[in-house]
Amino acid sequence: MSQIDGTYDVTTKTPMGDQNGQLTLQADGNSLSGTLSGDQGSLQIENGAIDGEDLSWTANLTSPMPMKLEFSAKVDGDEISGSVKLGAFGNASFSGTRVS
């Protein structure tokens with residue numbers, strides 16, 4: 001398993017255009033915690049899990065509308081990439097680079 005802990009500058013390709021933010025991850029065994037911060041504020045990572053090299057977590061967006069975000073990702077060196085289910089708005093890809 002690659003080293004996961006760190007802060008990543010990420011860009012999500014949403015139907016509303018590119019959304020930039022910072023993703024902070026911390027692994028503890030098979031559990032994953034952290035935050036996702038961006039223009040809409042800061043969201044806590046929930047239900048974070050690590051299965052081999054596969055990461056998954058959810059986050060609950062409250063503004064501009066309530067939406068459950070469901071993430072799946074992989075870390076490769078200092079790069080992270082994956083997809084996020086945007087509630088009823090389909091799926092989007094995201095990627096980023098570790099900054100610390």
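**Figure 1. The hairpin of β2 and β3 in the predicted model.** Two residues lie between the strands of this hairpin, and Gly29 adopts a positive phi near 65 degrees. Strands β2 and β3 run antiparallel and are joined by eight bridges. Within this pairing, Gly21 has Gly38 of β3 as its bridge partner.

**Figure 2. The pairing of β1 with β2.** These two strands are antiparallel, with nine bridges between them. Tyr8 is paired through a bridge with Leu23 in β2.

**Figure 3. Met16 in the loop between β1 and β2.** Which exposure class does Met16 fall into, buried or exposed? Met16 has a relative accessibility of 75% and therefore counts as exposed, the cut-off for that class being over 50%. Although Met16 and Phe89 are 73 residues apart along the chain, a distance of 10.0 Å separates their C-alpha atoms.

**Figure 4. Surroundings of Leu25.** When residues up to four places away in sequence are left out, Leu25 touches Ile4, Asp5, Gly6, Tyr8, Leu32, Ser33, Ile45, Leu55 and Ile80. Among these contacts, Leu55 and Ile80 belong, as does Leu25 itself, to the residues of the largest nonpolar core that touch the most other members.

**Figure 5. The largest nonpolar core.** This core comprises 24 residues, of which Leu23, Leu25, Leu55, Trp57, Leu69, Phe71 and Ile80 touch the most other members. At least two core residues are supplied by each of β1, β2, β3, β6 (54–61), β7, β8 and β9 (91–98). Strand β7 provides the largest share, with five residues. Leu23, listed above among the residues that touch the most other core members, is also the bridge partner of Tyr8.

Figure 6. Two or more lining residues come from each of β1 (6–14), β2 (17–28), β3 (31–38), β4 (41–44), β7 (67–76) and β8 (79–86). What is the composition of the lining by class? Of the lining residues, 14 are nonpolar, nine are polar and one is charged.

Notes: Residues are numbered from 1 along each chain as its sequence is written. This is a predicted model: local features need pLDDT of at least 70, side-chain atom pairs count only at pLDDT 80 or more; totals for chains, interfaces and linings use all residues. Side-chain values use heavy atoms; hydrogens and water are left out. Helices (H or I, at least four residues) and strands (E, at least two) are DSSP runs, numbered from the N terminus. Ala, Val, Leu, Ile, Met, Phe, Trp, Tyr, Cys and Pro count as nonpolar, Asp, Glu, Lys and Arg as charged, and the others, Gly among them, as polar. Two strands pair if DSSP finds at least two bridges between them. A nonpolar core is a set of buried Ala, Val, Leu, Ile, Met, Phe, Trp, Tyr and Cys residues joined through side-chain atoms within 4.5 Å. Buried means under 20% relative accessible area, exposed over 50%, partly exposed in between (1.4 Å probe, protein chains only). Contact means heavy atoms within 4.5 Å.
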